[in-house]
Every structure is written in C-alpha cells, then in structure tokens.
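Me: Please take me through the charged pairs in this protein, slowly and in one go. I'd like to see how they sit in the fold.

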Amino acid sequence: MSELLATVSGAEVKVWRPDAQHADNIAAAALRCDVHCIQWSPTNGALACGGADGRAHLLKPSGELLGRIPDASPEASADLYARDTLSSGATSLSSVAPPIRALAFSKGSRYLASAGAAAEVTIWDLKRKSKLKSLVGHADAVAAVAYSPGDQHLASAGREGRVILHSPVSGLVVGEMQAPGAATPSGVSGVAGISALHYSPHRRQMLASASADGAVRIWDTGVRRLASTLSTLSTDAAPSAVNDARFSPAAPNVLAAACADGRLVLMDADAPAGSNRHALGSIAVGAGATSVAWRGDGNALAVGASDGRVVWLDPRMIGKSSGDNSRSVVFVTAAHVGSGGVTSVRWQHAADGSAAASTAAEATTPTPMKTTRPHDSNGLTPLGAPGDSRATPPGGPLFAVDANAAERPERSGSALDGSALDAKERAARRAAELEEEARKRVERLLSARGTGTPEAAAAAARPTRGGAP
C-alpha cells in the first residue's frame, strides 16, 4: 500500500491516498485554529499539527483527534477559546501561547519538539503529556527544528540565520553554525533567515537549510561548519525565497527545493563548490511553491502551491531544459482551492523495514560526512539508478499498489537483528553503540561543569587503537 500524504491550509487538514491517475481524499479535519505545520510520527500512527493557539494537535490518519499538547480538558479548551474570541469574531491567541511553526518527532515517537514565535524550542513528552524542557539560545523567532538521525542532536534555526545544535539529553547548546556575514545574535543584518531544516537520511551529519535569500545551505554538523551553498536562482533572476528543502530518500546527493517564485528545483548536494553543476533541473508549478515532500521510494514528489493546489511530480523526468519538463507532472489536485494556499505537505514515512534499518544503522555509526559517490557520464548520480530495487521504471505507474507485497516474507525493522549479520558486524555495531553511550556520558558531565566541548573531551578520553596511552 502506498504512503498517505497530508496537506494543510488554514485550519483544514486533509489526508490523501494517491494512485496512478488521481488522489482520493480519505480523511479531513477542521481544527479551531489555523495550522502552520504538520509532521507524521515515525510509525505513521499520528499526524502532529502545529496550531496558531500554541498547541500541537495530534490526529489519527483517519482525521480523528488523538489529543493536544499541552493537554487540556474539553471544558477548559472551550473556555480558553471563548475568552480569546473578540467581539468581531476574530481570535486573539497572544494570551494563550506563541503559535507553533515547526515540529519534529524523535526517532521513537515519544518526544515532540515544537518551535515558533518564541525564541526557544520546547520538547514535549507525549507519553506523560507534559513539557520535558525548553531549549534556549536564539534571540528571535524559531522557524525550523529537526532531530538528527539517532537523536544525538536537535537542530533549530530561524530569522537570525543561525543553526543551533542542542543536546536533547542535557538541553544545552552544543554547537552553533552560521554562514559568513550572517546576522549576529544581537540581530545585525546579514544573511536572510532560515525557514526549513532537514537532515539527510543517508548521511547522519549532513543538514540542509532553506533560506529567504534563495539559497539552500548544506551544513556539516560533525565539524560545525558550512559545507556548501547552493543557489536556486538563475543569473538574471530576481531574489526569491526558498520555503522548503528536502533530501531524497533514495539518491544520497539529491535534494528538492520549493521556491516562492513558483519553481521546484532539484539540486546536487555533492556538486563542487563554486560550480554551476548543482542544478539538476527545475519546473514551474504555476504558483508559489510553499512546501515539498518526497515519497518513501524517492520516485514521486508532492509540491504544495500558494493557490491551494498540490502538484504530483515524477522527479526522474525533470531535466535542466525547462521546455520539456511538463512530462514530469503526473497530475494536479485542487486540494484546498477556495480556502487559501497550501501551507505544508508531508508524506508518510516509508513502510520498508530494510530502509528503516539501514537508516538506523547509519545513525549509530560514528563516521564523518561522506563526500564521495558513484557518477554517471555527466558526473551526477541519476535518480532511480539501476540496482535500486525500489525504483519504478520511468513512465510506469508511480502510485500503484505492490501486488506481491503480501507474498514476501516480512523483514524485521530493527537495524541490529542478528539473523542477517555475522559476528564481526554485530561486534562492530555493538562497539559503535558503546562509543555513543560514552559520548553521551561525557556530554552530560561537561554540561554540568560548563566547560569544553563533548567532541574534544570524547577524543581525549578515547584510547588509541594501538594500545598506547
């Protein structure tokens, strides 16, 4: 069964099931407040909606309300809403909580990070339905949050143009990254603010940020520096903000950027710095592109537009020549026409257990950010390359249900299942786990002392492989 897609516009949330020709609206929910962002839980069992009322509304895929964070009784919620409703019919939410504009689930779905108009990030414990801690460090509104693979860090960014790495364990800032000439914490003008963050599912230390200056920046969170800047603008184009940027789940080097000028741009994150080879192709969607999401196999894209439409694309048909890219449009859905533009689109996570295991294994292996990759004749990794068992042949049905799925033996989703691993591999992964546990202990110790950095202390405390002291 193909993954579901969630969309939101204003207070209206919809869930779609696409097939080869169109998408069926299988669920809808109308909340009491506008929704600024949505995010599926890693298990796909819940859809979190960031509300203008300062709460995260949790929905089932069927649209049924699971609960709200912070939690409140129906009577208290109704009274709170009544007190903030003005005589004109508008709703003043300033006395409730700052609106939520960014959400991120932890790997195990227990914790939910939220951020918005306040200059802090809040981590919620969904099991206890309570606030776990607040993460500080920003001087202005926070527009994006993202957990790293394995939950080692929680990255946040906003109007300042800075990316801050927090420790979810201690709650302290463990790193900051900023482009040269960017705004300082005091708010000095510089690089435009950041609107979205996304970690690569293939490289645990690679983080992409979407900026209002028309650039997508790639950060190496391992060494805390800017790795590259990818511009979405052509030489004669006026500046246009990038509203969203997401890595492909199938091609390690490819990411998609949704631009305010109405373009969906595919880029090569491994392109040499200073070259123009990072642009893989683009297509105009007919209105401002507000959000983008990849399907789990990387062979389909959904783009939300400011006129209320959702454009479904085959990314393998998008080339550098914009004249023939209309073939990449599979179909268009009038998802929220009449109720405003699409604020956000998010596809459910891939149900393939092997893919989840691969990602988990990568997250627990302390390797530096890779920069090498296989190349085709043009020097770029092709989308849906041969050998990818999940690839759909170009021109084939993108949203077809796999008829043989039920006949295949079910594979475990755990990255550490020993049935397919020899003793050497299990020992290596166990060693990686122990090293990560030691790093966290050192980080907690240094957080209490308030000195040094976790990386430096871990490197100093780690014994050499040759046995020398």
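Reply: Glu176 has a relative accessibility of 43%, so it counts as partly exposed (buried is under 20% relative accessible area, exposed over 50%, partly exposed in between; 1.4 Å probe, protein chains only). This is a predicted model, where local features need pLDDT of at least 70, side-chain atom pairs count only at pLDDT 80 or more, and totals for chains, interfaces and linings use all residues. Residues are numbered from 1 along each chain as its sequence is written, and side-chain values use heavy atoms, leaving out hydrogens and water.

Now for the partner: Glu176 makes a salt bridge with Arg162, with 2.8 Å between the closest N and O atoms (a side-chain nitrogen of Lys or Arg within 4 Å of a carboxyl oxygen of Asp or Glu). Glu176 belongs to strand 15 (residues 173–178) and Arg162 to strand 14 (residues 162–166), so the bridge ties together parts 14 residues apart in sequence; strands are DSSP runs (E, at least two residues), numbered from the N terminus. Arg162 itself is buried, at a relative accessible area of 2%. Glu160 comes in here too: Glu160, Arg162 and Glu176 are linked in a network of salt bridges.

Elsewhere in the chain, Asp314 bridges to Arg316, the closest N and O atoms lying 2.9 Å apart. Asp314 is buried, with a relative accessible area of 5%, and Arg316 is buried at 15%. Asp261 pairs with Arg263, again with the closest N and O atoms 2.9 Å apart, but here Asp261 is partly exposed, at 38% relative accessibility.

Note on methods:
Helix = DSSP H or I, 4+ residues; strand = E, 2+ residues; numbered from the N terminus.
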